[in-house]
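Colleague: I have a model open here and would like to go through it with you. Could you keep the cut-offs in view as we talk?

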Amino acid sequence: MSVLWALFLIVVFPGFAFSSAFAMVFAWIDRKVTARVQWRVGPPFLQPLYDFIKLLGKEVIVPAGGAKVVFLLAPLFGLAAVTVASTLVWQANIWPGGGFVGDLIVIIYLLTIPSLSVILGGFASNNRVASLGASREMKMILSYELPLILALVVPIINAGGSVRLGEILQGQSAVSHISGILAFIVAIICMQGKLGLVPFDAAEAETEVMSGPFVEYSGAPLGVLR
């Protein structure tokens, strides 16, 4: 595999650009369905793209007294890990024979890095509220990582012990075992925890810790913690 082809896979398709567009579509669907449930119209189709462009125009502010290098690099490490993981997952789905032995284990490790990046960014901000949110994120990792790994062990066993994602996908056309159904349910719940969705949003609970590790400012008053 040439370097240019590897860069194309990671940056364009099925990596960063394709995965980002795919994620924006699903983010719009999530917001639209939520709005309909609440009897609202919901955002237009391109609203996630508008939000992304708006975020690109915001000023980068490093909290006073924070660890500047760690604070700025933590999101980049998380983004890089998600990009490589999405590339491997899409590649296994599109070209099942194009992966490598043990790519599933690599994906598991890569999907842990974003949570670690959130923790590092929260502690590096020198913000008590962000540190509290980061400590909650640490507890969340301990709660969902082990069940997720155990859920992934089930398809590995059903596929004959293979740890190659493409072979697992080829060997399982549907969830046909009770163990597979239970593992699927556990994996869905754990993925909600990884994404920080309700009811697993304790780390960034807006009503308690003001977005936690994402608050991005220093000098929070003590009254916020009470």
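This is a predicted model: local features need pLDDT of at least 70, side-chain atom pairs count only at pLDDT 80 or more; totals for chains, interfaces and linings use all residues.

Colleague: Is Leu150 buried or exposed?

Modeller: Leu150 is exposed, with a relative accessible area of 53%; buried means under 20%, exposed over 50%, and partly exposed in between, with a 1.4 Å probe and protein chains only.

Colleague: Stepping back, how many helices and strands does the protein have?

Modeller: The secondary structure comes to 10 helices and 0 strands. The C-alpha atoms fill a box of roughly 55 × 40 × 40 Å along the principal axes, and buried residues make up 31% of the 226 residues.

Colleague: How much of the contact set joins residues 24 or more positions apart?

Modeller: Such pairs account for 65% of the contacts with a separation of 6 or more, a contact being heavy atoms within 4.5 Å.

Colleague: On to packing: at what angle do H2 and H3 pack?

Modeller: H2 and H3 pack at about 115°, with their axes 8 Å apart. The axes are lines fitted to C-alpha atoms, for helices over the stretch in contact, and the angles run from 0 to 180 degrees between N-to-C directions.

Colleague: Which residues meet there?

Modeller: From H2 there are Met24, Trp28 and Arg31, and from H3 there are Gln47, Pro48, Leu49, Asp51 and Phe52. By class, the contact of H2 with H3 has 5 nonpolar, 1 polar and 2 charged residues, where Ala, Val, Leu, Ile, Met, Phe, Trp, Tyr, Cys and Pro count as nonpolar, Asp, Glu, Lys and Arg as charged, and the others, Gly among them, as polar.

Colleague: What do the side chains of Asp51 and Arg31 form?

Modeller: They meet in a salt bridge, at 2.9 Å from N to O, the rule being a side-chain nitrogen of Lys or Arg within 4 Å of a carboxyl oxygen of Asp or Glu. Asp51 lies in helix H3 and Arg31 in helix H2, so this pair ties together parts that are 20 residues apart in sequence. Asp51 is partly exposed at 26% relative accessible area, and Arg31 is partly exposed at 35%.

Colleague: How many salt bridges does the count come to?

Modeller: The count comes to 2. Lys194 and Glu145 also meet in a salt bridge, at 2.6 Å from N to O. Lys194 lies in helix H9 (residues 178-195) and Glu145 in helix H7 (residues 128-158), so the pair ties together parts that are 49 residues apart in sequence. Glu145 counts as buried, at 10% relative accessibility.

Colleague: What about rings, how many aromatic pairs are there?

Modeller: A search of the whole structure finds 8 aromatic pairs. The rings of Trp5 and Phe8 have their centres 5.5 Å apart and their planes at 20°, so they are stacked. Rings of Phe, Tyr and Trp (its six-membered ring) pair if their centres lie within 6.5 Å, and planes under 30 degrees apart count as stacked, over 60 as edge-to-face and the rest as tilted. Both residues, Trp5 and Phe8, lie in helix H1 (residues 3-11), 3 residues apart, about one turn of the helix.

Colleague: Which residues form the aromatic cluster?

Modeller: Phe13, Phe18, Phe22, Phe26, Trp90 and Trp95 form one aromatic cluster.

Colleague: Last topic, the backbone: which residues does a cis peptide bond join?

Modeller: It joins Phe13 and Pro14, with omega about 5°, and Pro14 is in the loop between H1 and H2. Trp39, in the loop between H2 and H3, has a positive phi near 60°, and Trp39 is exposed at 83% relative accessible area. For context, most residues other than glycine have a negative phi, and most peptide bonds are trans.

Key: Residues are numbered from 1 along each chain as its sequence is written. Side-chain values use heavy atoms; hydrogens and water are left out. Helices (H or I, at least four residues) and strands (E, at least two) are DSSP runs, numbered from the N terminus.
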